[in-house]
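Hello,

Here is the structure I said I would hand over. Please have it open while you read the notes below it.

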Amino acid sequence: MNLAMGDAELRQVLQTVLAGVSTRCDFVHGEALRSSANSCLVQSGASYCSSAGAADFHRASLNFYFPPNVSMAGRVWKSACVESHEDVSCLPSTIFLRAELAEQTDLKAALAIPLVRESRVLAVCIFYKKYAEAPSQQLEQASVTLANELLSSCYRTNVGSEMRFVMGDPNVVEEPAGKVSVSKAWQRCQTALDTEPGERSEEELEKIITYSKGVQFFKYITNNQRYDLCKSMTYTTLGRNELVMHGSEVGEENEPCSVWHVVVSGRVDMCVRTSPDAKTYRMCGFKEGDTFSSSYMKMFCTSPNISTHIEATTDAVCIVVHIPDEYKLDFRTCTRPLWYEELAQYFHLSIIEAAEALGMCMSAIKKICRCHGISRWPHRKLASVNKTIAMLQSKISTAGDDTCRGALRSEAVNVLTMKLRLTINPAYLVRDEAILQPGETNTSGIVQQQQQQQQQQQ
């Protein structure tokens, strides 16, 4: 008999787990995200909020989707492993998408655990504390154990017994599907690359150039640039878990990168540790045809507490492209092709200033915007929203009572949500803006806390 737990029943189970784990482990907010058509995570409808800030955070979070490997939720969904951070409010958006919201609503430490059935992640539960706390194996294990106890106490169908919350194994990674095929163009190129750069014949150089024409990295360069880059090109063979580069190799803020890697086969991952006591987590993976360099780590390593490195997750082969000094300004961007997240770093500038900073013409910037779903450069709207946020922050700091301060903070969260809808990748946004009234949020935790305070006073 093929049993399936309905959405309503699963939501009720998740609600019980969120409330139970939050109250017993000192979390002020818990949210449960479920998979939607195997393409992204969305809010399940289950949540626990024991503070007004948590309720505001949850309301704003209704605006976001989480595709695989995007933010904390997407990474846990993809890896089926627990993830925890000391303070998500001070992380870059490349690591925690809603960092600004967490800062505004006073949410700090976070723990995410996956709900699994038959090796498939059904949902991800994320819990937040009001204070920063170093990641703890003991807290992770206690939360998973308690969640499973609560889960087992509320099944209604046999299918419930097949579900469980898991710690996961971070050493288990997705292997390339099927046998890795090696193109004849690469075989000819590899043979030519075995010859030292200064000793290559014109025939060998032509084989390298022919292969480069099928690589995205070389798509928008001149023939002269292609010729010079192929002359000095080499390749490297990497073993599993072999270090490719460390965050300490990242240059100055605006220094163009001089060495780029293109993955020919296998998989390479960028790994990040967000605090000295934290585990190392895989942020993003590079597969066949993908490009990376040390500059990519700039987008993740935004504070001295964050350390980054890039390593081979499987056996891999990478082309190594050395950029001559005369071409460095043409490769000044951190990512190539340009990531949305890097483009968003220039939204505070006019499009003319952004094009100049990136070393691109206006038409190239507009083409990249269309590829990322940006219909209009958001500089002016963003300036207006930032001005409103600054005004509200000033009012919050001078508010005379908690009621007024709470109302202003809720309004600031709404405006901040508008800002994030301008700056975050459109692929991560719910199409219809979801800024709800406080009464529409699940505030059972707040009511429960108020009842407890009244009983204590009596």
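**Pockets in the predicted model**

Helix H4 (99-104), strand E11 (281-286), helix H9 (340-344) and helix H13 (402-423) each give at least two residues to the lining of the largest pocket. Bear in mind that this is a predicted model.

Which of these elements has the largest share of that lining? E11 does, with 4 residues.

The largest pocket has a volume of about 1,200 Å³. It is lined by 43 residues, and those closest to its centre are Ser93, Thr94, Met299, Tyr340 and Glu341. Sorted by class, the lining of the largest pocket holds 23 nonpolar, 14 polar and 6 charged residues.

Next is the second largest pocket, with a volume of about 810 Å³. Its lining is made up of 30 residues, of which Ser79, Pro170, Val172, Val173 and Arg282 are the closest to the centre. Two or more lining residues come from each of helix H3 (71-79), strand E10 (268-273), E11 and strand E13 (307-312).

How many residues does E11 supply to the second largest pocket? It supplies 5, the largest share of that lining. By class, the lining of the second largest pocket divides into 11 nonpolar, 7 polar and 12 charged residues.

When you go through the model, start with E11. This strand has the largest share of the lining in the largest pocket, and it has the largest share in the second largest pocket too.

Regards

Notes:
Residues numbered from 1 in each chain as written. Predicted model: local features only at pLDDT ≥ 70, side-chain atom pairs only at ≥ 80, totals over all residues. Heavy atoms only, no water. 1 Å grid on protein atoms, 1.4 Å probe; cavity = no way out; pocket = protein on both sides within 12 Å on 5 of 7 lines; lining within 4 Å. Points joined across faces, edges and corners; volume = space filled by probe spheres on them. Nonpolar A, V, L, I, M, F, W, Y, C, P; charged D, E, K, R; others polar.
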